Amino acid sequence: MKARATLTALLAYAIIPCTADAHRLDEYLQATRISIERDRVVAEINLTPGAAVADDVFAAIDGDRNEKISPIEGAAYADHVVRSLSLDIDGELHSLALDTYSIPSLADMRRGEGVIRLRATARPPAASSGRHRLSFANTHRSDISVYLINALIPTDDRIRITGQSRDMLQHEFKMDYAVSEGEGDAGLAAALPPLLGLMLAAGVYAVARRANA
Amino acid sequence: MKHFSVVAVLTVLATLAAAVAAQRGPAATAPAAAGSATAKAVLAANAFLAMLDAGERAKAAFPFDSPQRTNWSNLPSGIYQRNSVRLGDLTPAKRDAAMALVAAVLSADGYRKVTDIMNGDEVLRGAGGGQTGGRAGGGGPGGRGGGGRGGGVAFGKDLYYIAVLGSPSTTTPWMVQFGGHHLAINVTIVGRNNVITPSLPAAQPAKYTLNGQTIRPLGKENDKAFALMGALNAEQRKQAILNYRVSDLVLGPGEDGKTIQPEGIVATALSESQQNMLLDIAHEWVGILNDEGAAARMAEIRTNLPRTYFAWSGATENGGIAYYRIQGPTVLIEYAPQQGDLDHIHTIYRDPTNDYGARLVTP
């Protein structure tokens, strides 16, 4: 699992510039977006250390103090962040596994620009029809952090979010949702017209062949 | 028989083509009429581009589908690299032409808001740069910009950048991008239609004096919102107010393509006059765009009012710190004071269905 995370990180380093948000100073902003599917929960977290706390955050990552983040150090920090998260669905705990992460340079962090991005996924058993409650908490660096947690609108139209609540500082997040029966999957609706077209094509071809015979 | 086969094949092909077209959305719109906002923008863009030398043009002109499209931020120069042409590098005549292009795509009020934000940044430069709370950023190596303090961070009206993506046209898609510290304006134009999402107007200082006048670039955004809060009854407030602190924009720069679950009070729980107040607040962002484009976008927001929400976090008396959000199918607006500072405000305006003109551009 560590080798996979390291390889994923190496790929992530090649990435896209991290477009940063506010030029924060003495806070470590951790913004989480939760995506819920029937058999998967994805947490995407952007962590932006303000310029005044950048050295502190970087020091926690840079184990050998060479002012560079090695793949192993990056993986270890990302893993550490994920272990600060907790997720339960209907009272049952589920582990979040790190998928991808990227960590900016110390120079970017010192300017208040660098954004650490990570993505973690939990794979609970497929949710049954009915009402459910997801609870999520983030306790990483609560000494210097401010938090944002939001749920993305589910792409599966069988899932409907019916309520959300957070504690005052957004450490903890609860989301009530309902899962309904049915095929669901917006992709099927999108595929329907071409499928009908193909069926029509097959029918017309069959008729044409009979007429030509 | 052969004739029948040909007709059958054509029928099938037409069915498939219609199915595919239905999924792609609207085809390119009719050309914009002479005298329309688009026609004026085309003239201004061509006039600006024609004045540039080869080097400047290479920095100002991009293909429409260039990654430059999403290269914007609220951050100041020295922290964030903008790859287009900088106003401070242009002669006064070219700079005037650049600003004429900006004025051509915006409304009069919108252009005034943009210049108020830029003038505010000039005030910031004169005051030695903007820092909110805490201590100044670490020294570090010299940044990508010049001047300013804190290792290359710089402010001021010279450090706003302009780009034209695609060929200015009354029929095919193109874009005007303008921004710098605390400002990102992205106007996508397709025929007679245009959108200004995503865009980010922000301000620091939020209040300053210029030529004896008090300027508050985002003053109406603040005051109108508090007025709406003041107009809500206790039950409505209970629905609107989030019981948690919101410290920053949720869908700011870098958050393209995301849609969060709405919260707050739904617009159908507001009276008609309160709904009008809500629409008036939204117009502070939508109305930055030229009048024609803004009218179309406001019509969409009004149509979708039954699914539009207003959420609030923080103080409920004007003068206090508060975050708010307006969210509907075609609108996402956030207003977020930064780190508890009334003098430093970030906002964002998005359309989840039409950022960068997604609905208008034929793939």
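The model is predicted: local features need pLDDT of at least 70, side-chain atom pairs count only at pLDDT 80 or more, and totals for chains, interfaces and linings use all residues. Residues are numbered from 1 along each chain as its sequence is written, chains are lettered from A and ligands numbered from 1 in the order in which they are written, and side-chain values use heavy atoms, with hydrogens and water left out. The predictor gives the complex an ipTM of 0.81 and a pTM of 0.84.

**Confidence in chain B**

- Chain B averages a pLDDT of 88, and 85% of its residues score at least 70; pLDDT is the predictor's confidence in each residue, from 0 to 100.
- Over residues 131–150 of chain B the pLDDT is below 50. This stretch still has 44 contacts in the model beyond near neighbours in sequence, where contact means heavy atoms within 4.5 Å.
- Residues 21–27 of chain B also stay under 50 in pLDDT, with 7 contacts beyond four places in sequence.

**The two chains**

- Chain B holds 9 helices and 14 strands. Helices (H or I, at least four residues) and strands (E, at least two) are DSSP runs, numbered from the N terminus.
- Chain A has 5 helices and 10 strands.
- Of the 363 residues in chain B, 54% are buried. Buried means under 20% relative accessible area, exposed over 50%, and partly exposed in between (1.4 Å probe, protein chains only).
- In chain A, 52% of the 213 residues count as buried.
- The accessible surface of chain B comes to about 14,300 Å², with 56% belonging to carbon and sulfur atoms. Areas come from the Shrake-Rupley method with a 1.4 Å probe; for residues, only the protein chains shown count as cover.
- Chain A exposes about 10,000 Å², and carbon and sulfur atoms supply 57% of it.
- Among contacts in chain B between residues at least 6 apart in sequence, 65% join residues at least 24 apart.
- For chain A, residues 24 or more positions apart account for 68% of the contacts with a separation of 6 or more.

- β12(B), residues 322–328, pairs with β13(B) in the antiparallel sense over 5 bridges. Two strands pair if DSSP finds at least two bridges between them.
- B:Ile333 is the bridge partner of B:Ile326, and a hairpin with 2 residues joins β12(B) to β13(B).
- On to β14(B), residues 341–350, there are 7 bridges, again antiparallel. Here B:Leu332 stands opposite B:Arg350.
- The hairpin between β13(B) and β14(B) has 2 residues between the strands, and B:Gln339 in the turn has a positive phi of about 50°.

**Helices of chain B**

- Helix α6(B), residues 219–231, has 13 residues that should span 18 Å at 1.5 Å a residue; its end C-alpha atoms are 18 Å apart, which agrees. The expected span is 1.5 Å times one less than the number of residues.
- Buried residues of α6(B) include B:Phe226, B:Leu228 and B:Met229. Their cover includes α5, α7, α8, β11, β12 and β13 of chain B.
- B:Glu56 lies in helix α3(B), residues 54–60. This glutamate is buried, with a relative accessible area of 12%.
- Beyond four places in sequence, B:Glu56 is in contact with B:Met51, B:Val85, B:Asp89, B:Leu90 and B:Lys94.

**Nonpolar cores**

- The largest nonpolar core has 67 residues; B:Phe48, B:Leu106, B:Phe178, B:Ile185 and B:Phe310 touch the most other members. A nonpolar core is a set of buried Ala, Val, Leu, Ile, Met, Phe, Trp, Tyr and Cys residues joined through side-chain atoms within 4.5 Å.
- Helix α4(B), residues 92–105, gives the most to this core, with 7 residues.
- Apart from this core lies another, of 43 residues, among them A:Leu47, A:Tyr101, A:Phe136 and A:Ile161.

**An open sheet in chain A**

- 5 strands form an open antiparallel sheet in the order β4-β3-β7-β10-β9.
- β4(A), residues 92–93, and β9(A), residues 159–166, stand at the edges with a single partner strand each, so one side of each is left without a neighbour in the sheet.
- 2 bridges join β3(A), residues 85–89, to β4(A), where A:Leu93 is the bridge partner of A:Asp88.
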